[in-house]
Amino acid sequence: MVENLSHRLPKQERVCSKKLIDKLFNGGHSYTMSAFPLRVVYMTMMQDEGEAPLPPTQLLVSVPKKHFKRAVKRNRVKRQVREAYRLQRQIVSLKVKDKQSVVMAFIWLDDKLWPTETVKQKVENLMQRISEKLWKRYTLSCIGYRVWW
């Protein structure tokens, strides 16, 4: 799927559906990796016939109230993660096949605020690792292996 690589973060790239969130966390077909202070849970989805086209990547950011009691700090962290994702999303979206989408949930793990540059590096690291996993899975499936991860 060829994507307009603008630096916007449109509504269709945000995960809002409760069904999709439940599928991501309880469906059993998701994978996880960490780069402290972030953890990402992700899964790939295929577009069904007759459905509206899916964006190549979709994003959810979660900052638990347990870590930051004040909404101002939670919102700051969410803003940092969204901005880092927005600038780096082409790393993953260019590896996604047609009629496929990657749904990602970034979860904050630390009780402290981090500098924006560090958050950008961590998000880039996670997205690079997801991209490598997608590419490895795609190349293995092309040569005939059944891949379940």
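Q: Where is Gln 58 found?
A: In this predicted model, Gln 58 lies in strand β3.

Q: Is Gln 58 buried or exposed?
A: Gln 58 counts as buried because its relative accessibility is 8%, and the cut-off for buried is under 20%.

Q: What is Gln 58 in contact with, leaving aside neighbours within four places in sequence?
A: Gln 12, Glu 13, Val 15, Leu 20, Tyr 85, Ser 101, Val 102, Val 103 and Met 104.

Q: And Met 104, with neighbours within four places left aside again: what is it in contact with?
A: Met 104 contacts Val 40, Val 41, Tyr 42, Thr 57, Gln 58, Leu 59, Leu 60, Tyr 85, Met 127 and Ile 130.

Q: Switching to the largest nonpolar core. Which residues touch the most other members?
A: That core has 26 residues, and the ones touching the most other members are Val 81, Met 104, Phe 106, Trp 108, Val 123 and Ile 130.

Q: Which elements give two or more residues to this core?
A: Strands β1 (31-35), β2 (38-46), β3 (57-62) and β4 (100-108), plus helices α2 (71-88) and α4 (116-142). The largest share, six residues, comes from α4.

Q: What does the second core include?
A: It is separate and has 11 residues, among them Leu 24, Val 41, Met 45 and Val 103.

Q: Back to α2. How many residues, and what does it reach end to end?
A: α2 has 18 residues and reaches 26 Å from first C-alpha to last, close to the 26 Å expected at 1.5 Å a residue.

Q: Which residues in α2 are buried?
A: Arg 74, Val 77, Gln 80, Val 81, Ala 84, Tyr 85, Arg 86 and Gln 88.

Key
Residues are numbered from 1 along each chain as its sequence is written. This is a predicted model: local features need pLDDT of at least 70, side-chain atom pairs count only at pLDDT 80 or more; totals for chains, interfaces and linings use all residues. Side-chain values use heavy atoms; hydrogens and water are left out. A nonpolar core is a set of buried Ala, Val, Leu, Ile, Met, Phe, Trp, Tyr and Cys residues joined through side-chain atoms within 4.5 Å. Buried means under 20% relative accessible area, exposed over 50%, partly exposed in between (1.4 Å probe, protein chains only). Helices (H or I, at least four residues) and strands (E, at least two) are DSSP runs, numbered from the N terminus. Contact means heavy atoms within 4.5 Å. The expected span of a helix is 1.5 Å times one less than its number of residues.
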